[in-house]
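I opened this notebook to record what I looked up in one protein structure. The entries follow the order in which I consulted it.

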Amino acid sequence: MLFDAARHEALVDQAWDEGQARALLARIVADTEARFDDALGWPAHPNDSSPADDPAHIGPSLYYGQCGVIWALRYLQRVGAAELKRDWRGQADRLVVRTRQWLGDDAGREAASFLMGETPIELLRWNDDPARASARLVQLIDSNDHHPARELMWGAPGTLLAAWFLHQRTGDEHWRAACRRQAEVLFATLEPFSAAGCLISTQSLYGSHSTYLGAAHGFASMVAPVVRARALLPEGDWRRWHDTIALTLRRMATWHEGAVNWRAWVKPPSARLPLMQFCHGAPGIVLALADFPGDAVDDLLLAAGEAVWRAGPLAKGSNLCHGTGGNGYTFLRLFERTGDERWLQRARAFAMHGLAQTLADERRHGRLRYSLWTGDPGFAVYLWDCLRGRAAFPTLDVF
């Protein structure tokens, strides 16, 4: 089996309804604005709480905190998907203070984290005060080359991605150099895996070493920013990456009846059934590599999309990281890559299922879930992309 059926549920039998999608998007935005408290932020959702967090209010992070929610609101307004009632500029200073408090003793070491640290806050500030934000971003990004967590959330892949976003905005040679430097450092950390004849990555994360493969903490997480920034790399460097990525993903793939998935980590292999969500499994692999040039991995990407469809929507809800919306982005990206309308239809089918999940979860808890990667603002962005038939995964493809 390529997935654990207990983690998924049957797709609702409901035709794509543009009106319902627009209505829920608008309601998520309106409710999110209305529930903000100037002193405390947004209320925490039971599914996002952890012992280290305030049980009543969300933290400051991009991943599941205030930075991510503010990003989602501003992004939806910028692309014409929503009209906001308040001005969300000027939040950076407060978020930096809260981030340092939240990180505590790790604040110095983890400040550059893309999903949990100060880097995304300064990217937000850049829209309002480029000179001030740029100075701090140079410090953050240049300090993160050798972070032992070689993945998107904490390590150099996250700051490489931030440097790529900044180069897109400015064309500044400093950010090109940062992308090249961090890509070179990351390639040097790859190590042979003789059992499969390919290169893999070992992460030092949360006090242990692991060989994850997925798009949150693993090999795909490392290569996703490199694929996006490939035009900034020397030709020879990109060729090494290209061949390594294609070989590793092919050698580590598990096939079954024309579909493919990847286990969570390389060694030791897990006895559990593989996960099928953004952070671990086929959806994240597709989203990491949807822009991979040429056709060297096309069969893998299409078979991965088929596996996501066969698995069905995730039971954890509509969110991006480990929910129906994140898996649905698989289909949107394949639609953009292939032009095959079947993938758009599947993305919209998952949108309708996620819509039902969002409403059911709201009834159950009496509130929406205020988070970009794990909650409803992120799903609102997915609805927008289904409406327009395009894919821009939040803060991975666009910032």
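The entries below concern pockets, a helix, one arginine and several salt bridges in this predicted model.

**Entry 1: pockets.** I began with the largest pocket, whose volume is about 460 Å³. I found 26 residues in its lining, and Tyr63, Tyr64, Met153, His322 and Thr374 lie nearest its centre. By class, I noted 16 nonpolar, 6 polar and 4 charged residues in this lining.

I then turned to the second largest pocket, which holds about 220 Å³ of space. Its lining has 13 residues, and Asp106, Arg109, Glu110, Trp154 and Tyr206 are the closest to its centre. Helix 3 (92-103), helix 4 (107-110) and strand 3 (203-205) are the elements that each give two or more residues to this lining. I recorded 7 nonpolar, 3 polar and 3 charged residues there.

**Entry 2: helix 5.** How many of the residues of helix 5 (residues 119-126) are buried? I found that 8 of the 8 are buried, so this helix is largely enclosed by the rest of the structure. Among these buried residues are Glu122 and Arg125. I noted that the cover over them includes helix 2, helix 3, helix 6 (130-142) and helix 7 (156-170).

**Entry 3: Arg74.** I located Arg74 in helix 2 (residues 66-78). Is Arg74 buried or exposed? Arg74 counts as buried because its relative accessibility is 17%, and the cut-off for buried is under 20%. Leaving aside neighbours within four places in sequence, I listed its contacts as Leu84, Trp88, Arg89, Leu124, Asn127 and Asp128.

**Entry 4: salt bridges.** The structure holds 31 salt bridges, and I examined some of them. Glu173 pairs with Arg176, with the closest N and O atoms 3.2 Å apart. These two residues are separated by about one helical turn, because they stand 3 residues apart in helix 8 (residues 173-189). Glu173 is partly exposed at 48% relative accessibility, and Arg176 is partly exposed at 23%.

I next looked up Arg228 and Asp397, whose side chains meet in a salt bridge at 2.7 Å, N to O. This pair links distant parts of the chain, 169 residues apart: Arg228 is in helix 9 (residues 219-228) and Asp397 in the segment after helix 15 (376-388). Arg228 is buried at 7% relative accessible area, and Asp397 is buried at 16%.

My last pair was Asp291 and Arg333, joined by a salt bridge at 3.0 Å, N to O. Asp291 lies in the loop between helix 11 (282-289) and helix 12 (298-311) and Arg333 in helix 13 (residues 324-338), so the pair ties together parts 42 residues apart in sequence. Finally, I noted that salt bridges with shared partners join Arg228, Asp291, Arg333, Glu336 and Asp397 into one network.

Definitions and conventions:
Residues numbered from 1 in each chain as written. Predicted model: local features only at pLDDT ≥ 70, side-chain atom pairs only at ≥ 80, totals over all residues. Heavy atoms only, no water. 1 Å grid on protein atoms, 1.4 Å probe; cavity = no way out; pocket = protein on both sides within 12 Å on 5 of 7 lines; lining within 4 Å. Points joined across faces, edges and corners; volume = space filled by probe spheres on them. Nonpolar A, V, L, I, M, F, W, Y, C, P; charged D, E, K, R; others polar. Helix = DSSP H or I, 4+ residues; strand = E, 2+ residues; numbered from the N terminus. Buried < 20%, exposed > 50% of the residue type's maximum accessible area, 1.4 Å probe, protein only. Contact = heavy atoms within 4.5 Å. Salt bridge = Lys/Arg side-chain N within 4 Å of Asp/Glu carboxyl O.
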